[in-house]
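Here is a short briefing to read alongside the model. Take a moment to look it over, and then walk through the points below.

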Number of protein chains: 2
Amino acid sequence: MDAKPYIAQRPKRADGRRNYDAILAAARKAFETSGADTSLEDVASQAGVAIGTLYRHFPTRASLVEAATRDGLESLVAHAERLAGGPDPLDSLIEWMREAVVHFSTFRGLVGILARSMYDEGTPSHAMCAAMRRGGADLLRAAQAAGRVRPDLTPEELFDLLNGAAWVREQAASGRDGSPRFLRLVLEGITIPED
Amino acid sequence: MDAKPYIAQRPKRADGRRNYDAILAAARKAFETSGADTSLEDVASQAGVAIGTLYRHFPTRASLVEAATRDGLESLVAHAERLAGGPDPLDSLIEWMREAVVHFSTFRGLVGILARSMYDEGTPSHAMCAAMRRGGADLLRAAQAAGRVRPDLTPEELFDLLNGAAWVREQAASGRDGSPRFLRLVLEGITIPED
DNA sequence: CATCAACCTGAGGAGTCCTCAGGAAATTCC
DNA sequence: GGAATTTCCTGAGGACTCCTCAGGTTGATG
């Protein structure tokens with residue numbers, strides 16, 4: 001039996017839910033300003049809660065990151081499913097890639113966590129990463145079937161490219177964001193001109 | 001006057017040099033196994049030296065990273081200069097890019113430090129990064145002049161691509177190294193076929 | 001060999017991580 | 001309404017790391 005990762009759940013008791021939500025809100029803010037390695041004691045005090053309470057709801061930092069990014073990544077997966085039936089598979093893929101890059105770089109340190117979660121089942125974010133992988137792979141396959149993306153590109157490679165772009169964007173806190181250009185150059189490398 | 005960054009120097013006294021070297025050796029090993037955020041107290045004890053001695057020679061973590069990577073990056077810069085006169089500018093550029101990716105991902109966390117140093121003059125590694133930028137830009141310019149690389153690619157963008165590849169390689173500690181393929185895809189996006 | 005600058009040591013304050021024993025509050029059940 | 005019970009909260013505290021600094025030691029120099 002592989003150790004199943006702990007996935008945070010919104011508690012049933014009213015006070016528990018209140019604190020859970022407050023911690024999550026404080027964590028999102030702290031992650032965005034200080035990165036994934038922000039002080040959890042700060043997060044707790046910012047949420048008006050003792051440190052033990054934070055650890056009760058989120059026993060590991062990874063579980064807190066997972067909970068803080070869950071909604072955003074869920075919507076990304078949903079968007080992939082919506083785009084899957086679109087008329088132009090290449091456009092769909094490109095649009096989704098752009099959105100993915102933004103979501104992966106919500107705060108400093110996130111891409112790294114997601115990249116590791118993709119291949120590590122013992123991680124809270126693994127399930128979400130697997131879902132994203134499926135969504136991205138479907139869009140990729142469709143674009144390849146339409147002859148608009150080189151057929152030898154694998155989903156793993158696609159995510160390497162996405163992660164690279166997201167990482168570049170993550171570093172952009174200090175000025176220029178090279179990720180749009182990065183993505184455009186990458187796309188030139190993997191797409192096939194019409195006709 | 002902008003605060004000049006501290007650059008570590010090999011001491012003149014024999015005992016100082018001995019410790020300096022021991023710390024550097026221990027740091028290189030620790031960085032490679034535990035990343036740039038390894039414990040400096042461990043590094044010190046591994047070098048057989050008190051923590052204060054480490055801080056005497058390397059007052060900041062960044063100065064230790066700079067010293068630990070100096071030789072490698074210096075040789076990378078030297079290689080760029082040697083390649084600059086080569087017969088095939090595109091080959092030269094590609095060879096240098098491959099080498100750069102390896103050097104940038106010597107240990108986990110290095111690319112991030114270098115990426116920030118590139119644009120932050122208050123950083124020990126800034127001078128080296130600037131030298132690398134010049135070397136890379138020269139090779140890029142030559143390849144562009146030969147009509148083998150898209151002329152709208154800037155050095156900044158080149159380094160974004162290199163850094164992305166290096167980051168992917170850095171994550172590869174846990175299995176597959178996607179950086180060679182990453183680089184090949186990127187190259188398809190930025191090169192121009194002969195004739 | 002005496003002088004002095006360079007160097008070394010390691011205790012210690014401050015921050016952070018994470019746990020856990022004891023207390024408080026919400027929910028349930030009668 | 002009032003236990004009983006389960007869930008939840010608190011915050012002290014041990015372990016770790018960071019970095020500084022006062023005091024002691026040693027190598028280089030003339």
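**Protein and DNA strand C**

In this predicted model, an N or O atom in the side chain of R61(A) sits 3.3 Å from a phosphate oxygen of DNA strand C. The surface near DNA strand C draws two or more residues from each of α1 (14–34), α2 (40–46) and α3 (51–57) in chain A, and from each of α1 (14–34) and α3 (51–57) in chain B.

**Contacts with the strand**

- A14(A) also faces the phosphates: one of its polar backbone atoms is 3.2 Å from a phosphate oxygen of DNA strand C.
- R13(B) reaches a base instead, with a polar side-chain atom 2.5 Å from a base nitrogen of DNA strand C.

**The surface around the strand**

- There are 23 residues around DNA strand C, and the ones that come nearest are Y55(A), P11(B), R13(B), N19(B) and T53(B).
- Of the atoms of DNA strand C that come within 4 Å of the protein, 61% belong to sugar and phosphate.
- α3(B) gives this surface its largest share, with five residues.
- By residue type, the surface near DNA strand C holds eight nonpolar, seven polar and eight charged residues.

**How the two chains are related**

- Chain B can be superposed on chain A by a rotation of 180° with 0.0 Å of shift along the axis, giving an RMSD of 0.0 Å.
- This is the relation of a two-fold axis.
- G189(B) has the C-alpha nearest the axis in chain B, at 1.8 Å from it.
- The copies meet through the same surface, because 100% of the interface residues of chain B are also interface residues in chain A.

**The fold of chain A**

- Chain A is built from nine helices and has zero strands.
- Along the principal axes, the C-alpha atoms of chain A fill a box of roughly 60 × 40 × 30 Å.
- Of its 195 residues, 50% count as buried in chain A.
- Among contacts in chain A with a separation of 6 or more, 67% join residues 24 or more positions apart.

**The annotated domain**

- UniProt, in an unreviewed entry, lists residues 17–76 of chain A as "domain: HTH tetR-type".
- Over residues 17–76, chain A is 80% helix and 0% strand, and the end C-alpha atoms are 25 Å apart.

Methods. Residues are numbered from 1 along each chain as its sequence is written. Chains are lettered from A and ligands numbered from 1 in the order in which they are written. This is a predicted model: local features need pLDDT of at least 70, side-chain atom pairs count only at pLDDT 80 or more; totals for chains, interfaces and linings use all residues. Side-chain values use heavy atoms; hydrogens and water are left out. A residue is near a molecule or strand if one of its heavy atoms lies within 4 Å of it. A polar contact is a pair of N or O atoms within 3.5 Å; within protein, one must be able to donate a hydrogen and the other to accept it, and residues adjacent in sequence count only if both atoms are side-chain atoms. Helices (H or I, at least four residues) and strands (E, at least two) are DSSP runs, numbered from the N terminus. Ala, Val, Leu, Ile, Met, Phe, Trp, Tyr, Cys and Pro count as nonpolar, Asp, Glu, Lys and Arg as charged, and the others, Gly among them, as polar. Copies are superposed by least squares on the C-alpha atoms of residues with pLDDT of at least 70 in both. Contact means heavy atoms within 4.5 Å. UniProt positions are given in the numbering used here, feature names are shortened, and annotations may be inferred rather than shown by experiment. Buried means under 20% relative accessible area, exposed over 50%, partly exposed in between (1.4 Å probe, protein chains only).
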